[in-house]
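Here is a short briefing for a first look at this structure. It is grouped by topic.

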Amino acid sequence: MEVDKMDENEWRYHGEGNKSLVVSHVQLSIVLRLLKYPAEDSENPPQTVEQAFRQVQNIVDFSSNVMSCLLGEKFVHSGEVVKLPLEFVRQLSIKVQHQRPASRRDKVMDIYSGCALCLPNLTSPTLHQPTHTPTLCIEIKPKCGFLPYSKHVSQDIKTKVCRFCMHQHYKVAMGMWKRRSRYCPIDLFSGNRQRMHFAIRQLIEEPQNNLKIFKGGQCIFSSLEGIDDLMDLNSLLHHLRPYFQYGNNRINSHMTSKALLNDFIQVLVNALLSAGSGDGGVVMDRRGEGWSSCEASMFNKERTRHGSQGSPSNSVLSRLRQTQMLDTLDIEGLYPLYRRVEQHLQDFPKERTRLQMDGPYNEAFLEKLQKCPSDDDGSLEYAVSKVHQYRVAMTAKDSQIMVALVPSCEEEEDDEGLPSQRQLRDFVSSRPPAFSYSVSILDLDPKPFDNIPRQLHLDHNIVSCYLRSGCALPKGALPSHSGLFSAAEREDCTLLFHPV
Ligand SMILES: O=P(O)(O)O[C@@H]1[C@@H](OP(=O)(O)O)[C@H](OP(=O)(O)O)[C@H](O)[C@H](OP(=O)(O)O)[C@H]1OP(=O)(O)O
Ligand SMILES: Nc1ncnc2c1ncn2[C@@H]1O[C@H](COP(=O)(O)OP(=O)(O)OP(=O)(O)O)[C@@H](O)[C@H]1O
């Protein structure tokens, strides 16, 4: 990419979150991730060019020096800061504006600094061998995968019902979503294939901002408001069918929607349980507490009692959960330590730099959080380490997993495009076809120190809402189901399983 020859016509809108907007290159497998500001700041940039550059550099440093060490290098792509011509950024901002969802337009793209993060496009990765079939990518924002076990937790319900499930009640009550999702992160992180399968099925039923599916770099399934087609299950199945039509199903050119979805989920579960690129670890992660189930999960309770085993310790889910669990005190136990640090910074503002509250995110920062004493000795250092740990855990709780899949049998076609012997074996077997896959974790930005009071406030609101009205919300607030699964099947997900 030559930054002095940037042309907005070579880029297209790709997606956005709360803090950044992403555009992808039409030919190269790269994306630019640009900062966003509140719309009221659109006339006057809220920070200088130097500050914006530092913010983007901090994101790169935090990802490469901190998160990559905790999550595993193979899952993390930190990218690099690029400086873009301001005219290009302005034209790009105009070009993408009409494609942006209304709910995100309370913020505007940063057109002042010219700084952006350049990353590999994880929805259209460059594969070792070129294939004819577009890559299928599944993006999951799994959220927090454990129940807090800290002695500081004041409300018993927090140790029984997970934060995501409680938050769903709050989100519906606040009008953020029309229906509650029945996805439960504790099921996804359980390592139990049936529970994971169930969790992913719930994501498909009600994706909210927790699931997106891409084909050849284009989003084909998500719940972006105003684009109903994107949430159409039949359309998703239509896209998936060519990837899963195999064996007798392929020969008869008939495969039921249930079987298709079942295979798709099974392949996804395999990738999530793998070590990221196929070396398949089997050491199970049983570290820490919180393996039990969430009482609000709709997964059959009897099965849960026998089914929690943890994910393989080198899987993406296990690494993510271990990092999330750096939040050992819960926000309720962390907040007094935040106050200790805040008080110190009020008295000695210059200490903010020495304590690395806003970076730099280097080895010293990582060391601070790794060498935290196990007990509170009343020191500032203890409080700072716990705050750093908490912020890292918050990043891990808000990141996304991207699984890229490409049918591996394609590489086995002979010169005339006919299937190989192994493919022929697949034709007559009843298992899903083999896929090559790669797994990555994205959105590993540092969470600001000053956000911590908001966390406490939100935690309080979520729990109060759940206790007040949550458990008693009318059934109508649950997803209106797609019709793919009958009521009995929703209760008993094993009906959809092939033996593994
Ligand atoms: O607080 P949560 O759990 O609602 O998470 C926020 C996310 O909401 P979610 O519940 O996933 O819809 C929220 O996502 P959405 O904007 O709702 O898509 C952001 O990711 C936010 O992070 P940041 O402030 O942009 O750095 C997230 O805030 P942090 O808590 O990570 O700071
Ligand atoms: N490297 C990448 N390759 C492909 N797509 C990406 C990449 N990075 C981000 N995206 C897409 O852009 C979307 C928005 O990016 P991202 O989640 O980083 O934004 P954000 O504003 O930081 O999110 P949040 O709301 O969590 O703060 C993602 O959901 C994903 O679909």
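A polar side-chain atom of R163 lies 3.0 Å from an oxygen atom of ligand 1, a polar contact in the sense of a pair of N or O atoms within 3.5 Å (within protein, one must be able to donate a hydrogen and the other to accept it, and residues adjacent in sequence count only if both atoms are side-chain atoms). This is a predicted model, in which local features need pLDDT of at least 70 and side-chain atom pairs count only at pLDDT 80 or more, while totals for chains, interfaces and linings use all residues. Residues are numbered from 1 along each chain as its sequence is written, chains are lettered from A and ligands numbered from 1 in the order in which they are written, and side-chain values use heavy atoms, with hydrogens and water left out.

**Ligand 1**

- N209 places a polar side-chain atom 2.8 Å from an oxygen atom of ligand 1, and an N or O atom in the side chain of K19 is 2.8 Å from an oxygen atom of ligand 1.
- Of the 600 Å² that ligand 1 exposes when taken alone, the protein buries 82%; accessible areas come from the Shrake-Rupley method with a 1.4 Å probe, and for residues only the protein chains shown count as cover.
- Ligand 1 is surrounded by 16 residues, the closest being K19, R104, D398, K447 and Q455; a residue is near a molecule or strand if one of its heavy atoms lies within 4 Å of it.
- The shell around ligand 1 has 9 charged, 5 polar and 2 nonpolar residues, where Ala, Val, Leu, Ile, Met, Phe, Trp, Tyr, Cys and Pro count as nonpolar, Asp, Glu, Lys and Arg as charged, and the others, Gly among them, as polar.
- Helices α3 (163-173) and α16 (452-468) each supply at least two residues of this shell; helices (H or I, at least four residues) and strands (E, at least two) are DSSP runs, numbered from the N terminus.

**Ligand 2**

- Around ligand 2 there are 22 residues, and the closest are N18, K19, S20, E139 and D443.
- An N or O atom in the side chain of E139 is 2.5 Å from an oxygen atom of ligand 2.
- A polar backbone atom of N18 is 2.7 Å from an oxygen atom of ligand 2, and a polar side-chain atom of K212 lies 2.8 Å from one.
- The protein covers 95% of the 620 Å² of accessible area that ligand 2 has on its own.
- The shell around ligand 2 divides into 8 charged, 7 polar and 7 nonpolar residues.
- Strands β1 (11-16), β2 (20-25), β3 (30-38), β6 (115-120) and β8 each supply at least two residues of that shell.

**The sheet and strand β7**

- An open sheet is formed by 5 strands in the order β9-β8-β7-β10-β11, with antiparallel pairing; two strands pair if DSSP finds at least two bridges between them.
- β9 (218-221) and β11 (435-442) are the edge strands, each pairing on one side only.
- Strand β7 (residues 136-140) is joined by 5 bridges to β8 (residues 211-215), and by 5 bridges to β10 (residues 400-407).
- Opposite C137 stands F214 in β8, I138 stands opposite I213 in β8, and L136 stands opposite L405 in β10.
- β7 is largely enclosed by the rest of the structure, because 5 of its 5 residues are buried; buried means under 20% relative accessible area, exposed over 50%, and partly exposed in between (1.4 Å probe, protein chains only).
- L136, I138 and I140 point one way from β7, and C137 and E139 the other way.
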